[in-house]
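Points are grouped by topic for quick reference.

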Amino acid sequence: KPDNVRVSYGTAGFRGNASGMEYVFFRMGMLAALRSKLKEAAIGVMVTASHNPEHDNGVKLIDPQGEMLAQSWESLATALANVTNDQLIEQLKQIIDSQKIPLSNTSFNIVRLNVKKPSSLSLSRAVLDGASAFGATCHDHGLLTTPQLHYILACYNGGDIKVDEEHYYQNYASAFKALLNVVSLCKLNPVTSPVTVDCANGVGAAKLTKLAERIGANIIDIVVYNDGQSGKLNENCGADYVKVQQRAPAGLNMEPFHRYASFDGDADRLIYYTLDSDCNFILLDGDKIAALFATYIRDNLKKASINLRLGIIQTAYANGNSTNFLINQQNIEIACTPTGVKYLHEKALTFDIGVYFEANGHGTITVNQECKNKISAAAFDPNKSAEERFAAKKLKLFLDIINQTVGDAMCDLLAVEAILQDKNWSVKEWYRIYTELPNRQAKVQVADRRIIETGDAERKVILPSMLQPAIDELVRKYPSGRSFVRPSGTEDVVRVYAEANTQENADDLAQQVSLAVYNIGGGVGKKPLF
């Protein structure tokens, strides 16, 4: 371990420049082995930095049912990664003692996968070495997407010890085809236009191609763009680039109202976009995907006369008009959490059916087994009308398309395409369900991001005490104005979000709030100007 280097385990695990990070990966291999002994189940280890530049990499641990690492263990991971070499054994002993880990337990399998980066091979080797130090048996499934790891791990611990990559393709291809067959869409609404998917030159390109082959081009025509044969991972492409830059990936020639989508590097984020008739860029981000999913579920629950609690979980980044649309027009319950899928997923589980998407396109649907059984039973209930049974069956098959363990760009893509075909909608009808408020994101360099403290799911600043009144005063000057700031989880910057009735006003509000952060929050370097 290099001297004077400190890392922190966050929502995405450990991330940073791959150079010199082998010690972190080695130690996470050991920690995964210990957690495996404690849980008496396989633990997943993912080597990835999904939307980061190619020179970055990262590692995160995945719990037995495909869920993210328990938050109580994030601090253990951080402590283990930061102790000096001569303190390492003592730190491991403290973890073993504090968690009451039975070292005599059989070492359970650790599934290791990696994303397509030059550094991944050596870093994955470090993980395996660390796991082997505690006698863990490692199953290496090779190059897969992050969501595929979550899926395989959950199936493995559920008793299917022979689960593999092909199992994933067959499961979701079958679910997609079953839904389309139920509504006879392959005959009534044959596919006439392709969906072009930018795979960010990442691992998702080859995997999406395999999934599409299992479905069949006669059912869905998927054109893979940025397949990794040339170009660098996430360079001028990918979901994060499209979302932040509000433009298509470099080199993609678009046609008005054709369907385009982007994954991130390890295929857990999905963003759609198109051009209008005047060739203006139109983005359909995580907010629009969540609204599409939630309204489809709500409509079929209503048609099937099934009473379940449906909720959408958002963060402060959700566009204000998406929130207004869901609450005031669709009468769907909304909850708000801090940024980070671990918070969204946890809250989603409190609903019978929970839909969550960050605006960046990372999200999924959760539904508990009791509710799935209720929906399945309704599909064959002789006391229900044919229309009610039909809606229940559609809903059951739709939920089968979803990878509930984690946000999965490939499954979410199939879910979007299924809804559009069921409704016989083009991307134009989808985009028009509500009009987003213009918005702008920015970041301000500060000396120490830790002086910024937030509350109310990151929507309000608590400290410094003068900052929130200054933001409130600025927001009042703009029609439909809203703005919040939050400290970055990885670097000394404060992230700024602003929205207003026009793009000019949104840009101006973001500028003024950025200056307030700089002046009150300890800004360094040049004042933010854009």
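Predicted model: local features only at pLDDT ≥ 70, side-chain atom pairs only at ≥ 80, totals over all residues.

**Sheet β15-β19-β18**

- The sheet is open and consists of three strands in the order β15-β19-β18, with antiparallel pairing.
- Because β15 (439-445) and β18 (482-487) each have a single partner strand, they stand at the edges, and one side of each has no neighbour in the sheet.
- From one strand to the next, the twist averages 15 degrees.
- Helix α18 (residues 503-520) packs on this sheet and touches β15, β18 and β19.
- The direction of α18 makes about 20 degrees with that of β15.

**Sheet β12-β11-β13-β14**

- Another open sheet has four strands, ordered β12-β11-β13-β14, and its pairing is mixed.
- Its edge strands, β12 (333-336) and β14 (363-367), each pair on one side only.
- The twist here averages 20 degrees from one strand to the next.
- Within the sheet, β11 (residues 310-314) and β13 (residues 353-357) pair in the parallel sense over four bridges.
- I313 stands opposite Y356 in β13.
- Helix α12 (residues 341-348) packs on the sheet and touches β11, β12, β13 and β14.
- The direction of α12 makes about 165 degrees with that of β13.

**Strand β2 and its partner**

- Strand β2 pairs with β3 (residues 56-62) in the antiparallel sense over four bridges.
- V47 stands opposite V59 in β3.
- In a regular strand, side chains alternate between the two faces of the sheet.
- Both faces of β2 are covered: I43, V45 and V47 are buried on one side, and G44 and M46 are buried on the other.
- Five of the five residues of β2 are buried, so the strand is largely enclosed by the rest of the structure.

**Nonpolar cores**

- The largest nonpolar core has 85 residues.
- The residues with the most contacts inside this core are F263, F293, I297, V355, F398, L413 and W430.
- Helix α15 (residues 409-423) supplies the largest share of this core, ten residues.
- Leaving aside residues up to four places away in sequence, L413 touches V195, V197, L208, I222, A261, F263, L270 and Y272.
- Another core, of 37 residues, lies apart from it and includes I43, V45, L123 and A131.

**T196 in strand β6**

- T196 is found in strand β6 (residues 195-198).
- Its relative accessibility is 13%, under the 20% cut-off, so T196 counts as buried.
- Not counting residues up to four places away in sequence, T196 touches V223, Y225, L252, R259, Y260 and A261.

**Backbone geometry in loops**

- Most residues other than glycine have a negative phi, and most peptide bonds are trans.
- E40, which is not a glycine, has a positive phi of about 50 degrees.
- The loop that holds E40 lies between α1 (22-39) and β2 (43-47).
- N424 is also a residue other than glycine with a positive phi, near 60 degrees.
- N424 sits in the loop between α15 and α16 (427-431).
- With 54% relative accessibility, N424 counts as exposed.
- The peptide bond from L463 to P464 is cis, with omega near -5 degrees.
- P464 lies in the loop between β17 (460-463) and α17 (467-475).

**Whole chain and annotation**

- The protein has 18 helices and 19 strands.
- Its radius of gyration is 23 Å, close to the 24 Å that the globule rule gives for 530 residues, so the protein is as compact as a globular protein of that length.
- The C-alpha trace spans about 70 × 60 × 45 Å along its principal axes.
- Buried residues make up 56% of the 530 residues.
- Of the contacts between residues at least 6 apart in sequence, 69% join residues at least 24 apart.
- An unreviewed UniProt entry lists residues 164-270 and 285-425 for "domain: Phosphoacetylglucosamine mutase AMG1".
- Over residues 285-425 the chain is 55% helix and 13% strand, with the end C-alpha atoms 17 Å apart.

Conventions. Residues numbered from 1 in each chain as written. Heavy atoms only, no water. Core = buried A, V, L, I, M, F, W, Y, C linked by side-chain atoms within 4.5 Å. Buried < 20%, exposed > 50% of the residue type's maximum accessible area, 1.4 Å probe, protein only. Helix = DSSP H or I, 4+ residues; strand = E, 2+ residues; numbered from the N terminus. Contact = heavy atoms within 4.5 Å. Pairing = 2+ DSSP bridges. Axes fitted to C-alpha atoms, helices over the stretch in contact; angles between N-to-C directions. UniProt positions renumbered as here; feature names shortened; annotations may be inferred. Rg over C-alpha atoms; globule rule 2.2 N^0.38 Å.
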